[in-house]
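Subject: Structure handover

Hi,

Here is the structure we discussed. Please load it first, then read the notes below it.

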Amino acid sequence: MRKKIVAGNWKMNLNRAESIQLVTEISKKIKEIDFGKNRVVVAPVSVNLTSVVENKANDSRIEYASQNMHFADSGAYTGEISANMLKDINVGITLLGHSERREYFNEDDALLKQKVDQAMANEMEVIFCFGEKLEDRQADNHFSVVASQITNALFHLDSNNWKNIVLAYEPVWAIGTGMTASPEQAQEMHAFIRNLVKENYNNDLAQNVSILYGGSVKPTNAKEIFGKEDVDGGLIGGAALKAEMFAGIIEAMQ
Ligand code: PGA
């Protein structure tokens, strides 16, 4: 049975002390929440990952992710981080393909495919982000845009790689805008994605892959969105920066 996941993407926010404080506060707030086999992940800015991972006050159920990763083992790639470096600090998960990486750093499907391959070669888990822009939805192209993003970066993988793939559907028009896809819109897209995975692999694999929704998720709307059959939790931006809100969203993941 697939797991639900609530993952917090801290983006380029919080210095070292603030990052430690936030993970400590989250840990305190979620102590009493029994989320069973479901998962909680936080993705601090890379320079603070070690400090957050090693903070003694952390709830041991919290897992850690990088916001990005390079496709090469090492070398002349100024400013980048390798899979090995992440694993060395006990970070075994990375986000890839976030819309801000696609938009501001020109990451395209071909590059993301290389990054995915590097993660797989290193047994790292990937939270793979994708989603349509507003103009795609208005032109009724949202299904084909999402299908090509997934196909181009992921459908070359062997089925045994998929134990390390989590999908995160994030309509770009809903990220940081306060506009959320309705629970019905999210469900419609998630069911489409699961079916796409089924057609390219098999039903078993499709039923086991967690598909997260991202885009202005808050404690007030999380329960309804996560309640949809094919929505397996969320990737949270703004609300992940406030312990109270993040804990509220985790509580909605039952
Ligand atoms: P948001 O961001 O929750 O602030 O909309 C989501 C994301 O970028 O993952």
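This is a predicted model: local features need pLDDT of at least 70, side-chain atom pairs count only at pLDDT 80 or more; totals for chains, interfaces and linings use all residues.

H7 covers residues 142-154 and H8 covers residues 183-200. Their axes lie 11 Å apart, and the packing angle is about 40 degrees. The crossing of H7 over H8 is right-handed. On the H7 side, the contact uses His142, Phe143, Val146, Ala147 and Ile150. On the H8 side, it uses Glu188, Met189, Phe192, Ile193 and Leu196. By class, the residues of this contact are eight nonpolar, one polar and one charged.

H8 also holds Glu184. Glu184 is partly exposed, because its relative accessible area is 46% and that class runs between 20% and 50%. Glu184 and Gln149 are 35 residues apart along the chain. Their C-alpha atoms are separated by 22 Å.

H10 spans residues 219-226, and H11 spans residues 243-251. They pack at about 20 degrees, with axes 8 Å apart. That angle makes H10 roughly parallel to H11, since the cut-off for this class is under 35 degrees. H10 passes H11 in a right-handed crossing. Pro219, Ala222 and Phe226 of H10 make the contact with Met245, Gly248 and Ile249 of H11. Five of these contact residues are nonpolar, one is polar and none is charged.

Ser210 sits between helix H9 (203-208) and strand E7 (211-214). Is Ser210 buried or exposed? Ser210 has a relative accessible area of 6%, and buried means under 20%, so Ser210 is buried. Its side chain reaches the backbone oxygen of Lys3 at 2.6 Å. Setting aside neighbours within four places in sequence, Ser210 touches Arg2, Lys3, Ile5, Val166, Leu167 and Asp232.

Asn58 is in the loop between helix H2 (49-54) and strand E3 (62-66). Asn58 is buried too, with a relative accessible area of 14%. What does the side chain of Asn58 pair with? A polar atom of that side chain lies 2.8 Å from the backbone oxygen of Val52. The side chains of Asn58 and Tyr64 are joined by a polar contact of 2.5 Å. Beyond four places in sequence, Asn58 is in contact with Val23, Ser27, Val52, Val53 and Tyr64.

Last, some backbone geometry to look at. Most residues other than glycine have a negative phi. Lys11 has a positive phi of about 50 degrees, although Lys11 is not a glycine. Lys11 is placed in the loop between strand E1 (5-9) and helix H1 (16-30). Glu123 is not a glycine either, and its phi is positive at about 55 degrees. The loop that holds Glu123 runs between helix H5 (109-121) and strand E5 (125-130). Glu123 is exposed, because its relative accessible area is 54% and exposed means over 50%.

Best wishes

How values were computed
Residues are numbered from 1 along each chain as its sequence is written. Side-chain values use heavy atoms; hydrogens and water are left out. Axes are lines fitted to C-alpha atoms, for helices over the stretch in contact, and angles run from 0 to 180 degrees between N-to-C directions. Helices (H or I, at least four residues) and strands (E, at least two) are DSSP runs, numbered from the N terminus. A crossing is left-handed if the near helix is turned anticlockwise from the far one by less than a right angle, and right-handed if clockwise. Contact means heavy atoms within 4.5 Å. Ala, Val, Leu, Ile, Met, Phe, Trp, Tyr, Cys and Pro count as nonpolar, Asp, Glu, Lys and Arg as charged, and the others, Gly among them, as polar. Buried means under 20% relative accessible area, exposed over 50%, partly exposed in between (1.4 Å probe, protein chains only). A polar contact is a pair of N or O atoms within 3.5 Å; within protein, one must be able to donate a hydrogen and the other to accept it, and residues adjacent in sequence count only if both atoms are side-chain atoms. Angles under 35 degrees count as roughly parallel, over 145 as roughly antiparallel, 65 to 115 as roughly perpendicular and the rest as oblique.
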